[in-house]
Amino acid sequence: MALPFESSAFKDIVVVLGAAGLVIPAFAALRISPVVGFILVGIAAGPFGLGALSGTIPALQWVSISDPDVLAAPAEIGIAMLLFALGLDLSLDRIRTMRHTIFGLGPAQLGLCTAVLLPVLLLIGMSIGPALALAAALALSSTAVGLQMLSSSGRMGSHTGRTALGMLLFQDLALAPLLLLIGAGTAAGGFGASLGIGVATLAGIALAAKLVVPALFLQAARTRRSELFLAAALVVLIGSAAVAAAAGLSPAVGALVAGLMLAETDYRRQIEAAVQPFEGLLLGVFLIWVGMRIDLAAIAAQPLLLLAGVVTVIGLKAAVIFMLLRWQKRSPGVAGHVALLMASPSETSLVVLAAALTAGLTGGLVAELVLAVASVSLALAPLLGMIGARFESGMVPHRHDQTEAPLPGHTVIIGFGRVGQLVAAMLEAHEQPWLAVDSDPDEVQRLRLAGKAVIYGDARRPELLATLRLETARAVVLTIDAARALDTMVGLIRERHPDLCVVVRARDAEHAGQLYARGVTDAVPETVESSLQLAEAVLIDLGVPMGRVIASVHEKRGELRAIIQGSGGKATLPRRSSRLRKAD
């Protein structure tokens, strides 16, 4: 059967994929969140943009989306994948460590922001139920934008970073009950019955994700085939979303609960790495779908209304968060920075708004206005974060606040065989924190039961690095044998983290020279180290004082390192003469 190249559905998918291929690199080059670009593409290519003109200008049909409903299913999967990734990021250890901030400031921020936005929505004619849902949606803040800006400025371990992270984590946790309440509030069977069915369904998903799903990932990991691991992740994601939808819930809430449960397994990082490429693309489809629902022509008839909405949402949220943090004894700089960083709605606000639209809670011009306000405010989030950082810096221009210094980082060990375990033992002996990554699922399981900080991850997958948060680490130790994967990882680490200490296990002097050329801090060739250890042992056995032996070995190691570093990858150990080889 021939592929229907001329079908409208095929053309719409091509437009979406082409937009994704152009938007992500273009906005990354401009250092603007691609979220903004995807929404603009949806506005431009949707039925209220170029699609409205395609009837009079037929050529425009090739760059417009003729059937918005064709994106409905991919948009749902994009929402589910976004919340699945959010769930994976919410480990119990993190929640336990930050419980006072998460369950203290978090509910206060979300509740107060919802309370001050609710009267505004009531004033424009909304009833109490829909207004409450939309106020809660607008009260959410962008985790992705906030954490990216804090990380890039080195503030993740500061008072600002910990305060913002705690409140953002509570918002992520609140998404599941919020979506559950929206679905139950519009169900035909009544609120109480629908809520009970929803809770029971989510409990079933959580139980399955806790007891059954890890065995699925264990078998996928044993195959050492990345495509099977990805297939397992997609089965869990889509299966949990489908079960939630069958119970009358938003598919996204099922995916979020599954992600929360899998966050405690040994496969968390590898699952993140597997779904990450699809997460960005499908989230882009969702954002394009959101943009297609915004009728700018109708809103442009009252531009002051849109401007007033953006100013009101950002102003009220910033004021509430600032006063809350000052009441909690945070400094004016920290309170101002966090308030501006969290003043804009988030991409999860759009998820909640979409759920309210699907449930029929709202619609018409009011819904389009709220979507436009959320989208424009989200576009301003990076700018507000930069202003907040400047504000905080301006509050303490002449001194460095020691309480704002980043927390001490850890060492990441990639490859936890005999070499990696010995490195970890030495780090423990000197009270240095570490986290290890290994690709043997059975060994990881055994070590985790023994209380070791080891997670599952396939070092052959470069995207794994993006999930390890190396920006907070002090050093990385690479002990893996695969030379090609090792070279790739060194290149990626140096590209993304040029100042990070990188220590690598090399096969020989030549390989060590190549790694030095790629920018590693130290490369330790196995052949050189074994030779030095043999020399040290024989000298001590011959009666040479240990202090002199250690000093001479250390001096020789320095000489060889200098030769290797200057060799450009062409260094070799001295070779035996042909006469000696014949004697062998």
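Predicted model: local features only at pLDDT ≥ 70, side-chain atom pairs only at ≥ 80, totals over all residues.

Tutor: Residues are numbered from 1 along each chain as its sequence is written, and side-chain values use heavy atoms, leaving out hydrogens and water.

Student: Which residues of helix α22 are buried?

Tutor: An α-helix has 3.6 residues a turn, so residues three or four places apart point the same way. Helices are DSSP runs of H or I, at least four residues, and strands are runs of E, at least two, numbered from the N terminus. Buried means under 20% relative accessible area, exposed over 50%, and partly exposed in between, with a 1.4 Å probe and protein chains only. In α22 (residues 441–449), Pro441, Val444 and Leu447 are buried. Down the axis of α22, these buried residues fall within an arc of 125° (taken from the directions from the helix axis to the C-beta atoms), so they line one face of the helix.

Student: What do the buried residues of α22 pack against?

Tutor: They pack against α11 (213–222), α21 (418–429), β2 (434–438) and β3 (454–456).

Student: Is Thr114 buried or exposed?

Tutor: Thr114, in helix α6 (residues 99–123), is buried, at a relative accessible area of 11%. Neighbours within four places in sequence aside, Thr114 is in contact (heavy atoms within 4.5 Å) with Leu132, Ala135, Ala136 and Ala139.

Student: How many disulfides does the structure hold?

Tutor: A disulfide is a covalent bond between the sulfur atoms of two cysteines. The structure holds zero disulfides, counted as pairs of cysteine sulfur atoms within 2.5 Å. Cys113 is buried at 0% relative accessible area, and Cys501 is partly exposed at 28%.
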